[in-house]
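Please consult the sequence and the coordinates shown here.

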Amino acid sequence: MPTPVVTRSADRRTPSQRGLQTRQKLMNATMELLAKRSYRDVKVANIAQRAGTSPATFYQYFADVEDVVLEASRLLATETKAALDAFEDGTWSSDGLPGATRLVDAVLDRWSGHLPVMRVLAAVAAEGEPRFYAAYIAATKPLARALTAGAQTITPGRVRRELVHSLVCGLTAAAGHETAESVQGLTKCQRRRGLARVVHAAVTTAV
């Protein structure tokens with residue numbers, strides 16, 4: 001899925017229409033490469049070549065590869081919040097397994113359009129890189145809020161935080177397999193159904 005650009009250049013100027021198109025090509029090229037390669041194997045020269053431009057042009061719009069990923073992560077965070085706004089009151093959990101299924105589908109459907117970014121955020125954030133950690137938290141915060149609200153009446157604060165953290169980690173990991181037809185013999189539908197059962201059990205079981 002193409003990643004819509006943010007309309008600022010590396011020096012904070014607003015690019016021309018042609019500049020916006022070039023910037024879009026650079027972002028899309030980065031996402032395409034990240035879908036096939038490790039983040040640390042993607043270089044500016046690779047991105048420029050795939051976008052049909054030069055490294056010098058890349059640097060007119062982005063400081064480095066990290067800058068592209070972090071900008072794309074801001075769109076991911078915005079879209080995740082929009083997708084989960086309806087779940088933040090926690091009423092989804094009172095609908096049992098169907099409510100948990102809707103939540104799982106909503107977040108994974110949204111993340112599936114940003115899988116290269118999601119994978120990089122999770123991996124680099126785990127290494128303790130501050131900017132990537134902050135971006136990971138921003139991208140997953142809407143899910144954490146929805147889960148917290150759903151478990152509000154069942155579990156005490158400390159236990160609720162532990163459950164929410166574990167569920168967010170599990171869903172983040174699961175997102176990395178969204179494009180796989182089969183994982184350990186399970187289809188995407190079956191994998192999502194299992195996640196929904198875990199979410200439902202976690203937020204409706206008194207501890």
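Q: In this predicted model, which residues of α6 meet Val69, Ala72, Ser73 and Leu76 of α4?
A: The contact is made from the α4 side by Val69, Ala72, Ser73 and Leu76. By class, its residues comprise 7 nonpolar, 1 polar and no charged. The partners in α6 are Val117, Met118, Val120 and Leu121.

Q: Are α4 and α6 roughly parallel or roughly perpendicular to each other?
A: The axes of α4 and helix α6 (residues 115-126) come within 10 Å and cross at roughly 110 degrees. Angles of 65 to 115 degrees count as roughly perpendicular. The two helices, α4 and α6, are therefore roughly perpendicular.

Q: Is Val124 buried or exposed?
A: Val124 belongs to helix α6. Its relative accessibility is 5%, and buried means under 20%. Val124 therefore counts as buried.

Q: Which residues does Val124 touch, leaving aside those up to four places away in sequence?
A: Val124 lies in helix α6. Ala134 is 10 residues from Val124 in sequence, and the two are 11 Å apart in space, C-alpha to C-alpha. With residues up to four places away not counted, Val124 touches Tyr39, Arg40, Glu129 and Phe132.

Q: Which side chain forms a polar contact with that of Glu79?
A: Glu79 is placed in helix α4 (residues 65-84). At 17% relative accessibility it counts as buried. Its side chain is joined by a polar contact of 2.8 Å to the side chain of His114.

Q: How far apart in space are Ala82 and Cys169, C-alpha to C-alpha?
A: Ala82 is in helix α4 and has a relative accessible area of 53%, so it is exposed. In sequence, 87 residues separate Ala82 and Cys169. In space, C-alpha to C-alpha, their separation is 20 Å.

Q: What is the distance in space between Thr91 and Ala149, C-alpha to C-alpha?
A: Thr91 is located in the loop between α4 and α5. Ala149 is 58 residues away from Thr91 in sequence. From C-alpha to C-alpha, the distance between Thr91 and Ala149 is 7.9 Å.

Q: Which residue is joined to Thr91 by a polar contact between side chains?
A: Thr91 counts as partly exposed, at 48% relative accessibility. Its side chain makes a polar contact of 2.9 Å with another side chain. The partner is Asp89.

Q: Why is α5 described as oblique to α9?
A: Helix α5 (residues 96-111) and helix α9 (residues 188-204) pack with their axes 8 Å apart, at an angle of about 120 degrees. That angle makes α5 oblique to α9, because roughly perpendicular covers 65 to 115 degrees and roughly antiparallel applies over 145. The value that decides the matter is about 120 degrees.

Q: How many charged residues are in the contact of α5 with α9?
A: From α5, the contact involves Gly96, Leu97, Ala100, Thr101, Leu103, Val104, Asp105, Leu108 and Asp109. From α9, it involves Arg192, Leu195, Ala196, Arg197, Val199 and His200. The residues of this contact divide into 8 nonpolar and 3 polar, while the number of charged residues is 4.

Q: With which side chain does that of Arg192 make a polar contact?
A: Arg192 sits in helix α9 and, at 10% relative accessibility, counts as buried. Beyond four places in sequence, Arg192 touches Val104, Asp105, Leu108, Asp109 and Glu178. The polar contact between side chains, at 2.5 Å, is with Glu178.

Q: What is the phi of Gln184?
A: Gln184 is found in the loop between α8 (157-175) and α9, and its relative accessible area of 80% makes it exposed. Most residues other than glycine have a negative phi. Gln184 instead has a positive phi, near 50 degrees.

Q: Is the crossing of α1 and α2 left-handed or right-handed?
A: Helix α1 (residues 17-34) and helix α2 (residues 44-51) pack at an angle of about 115 degrees, with 8 Å between their axes. Lys25, Leu26, Ala29, Thr30, Glu32 and Leu33 in α1 meet Asn46, Ile47, Ala48, Arg50 and Ala51 in α2. This contact has 6 nonpolar, 2 polar and 3 charged residues. The crossing of α1 and α2 is right-handed.

Definitions and conventions. Residues numbered from 1 in each chain as written. Predicted model: local features only at pLDDT ≥ 70, side-chain atom pairs only at ≥ 80, totals over all residues. Heavy atoms only, no water. Axes fitted to C-alpha atoms, helices over the stretch in contact; angles between N-to-C directions. Helix = DSSP H or I, 4+ residues; strand = E, 2+ residues; numbered from the N terminus. Parallel < 35°, antiparallel > 145°, perpendicular 65-115°, else oblique. Contact = heavy atoms within 4.5 Å. Nonpolar A, V, L, I, M, F, W, Y, C, P; charged D, E, K, R; others polar. Buried < 20%, exposed > 50% of the residue type's maximum accessible area, 1.4 Å probe, protein only. Polar contact = N/O pair within 3.5 Å; in protein donor to acceptor, adjacent residues only side chain to side chain. Left-handed = near helix turned anticlockwise from the far one by under 90°.
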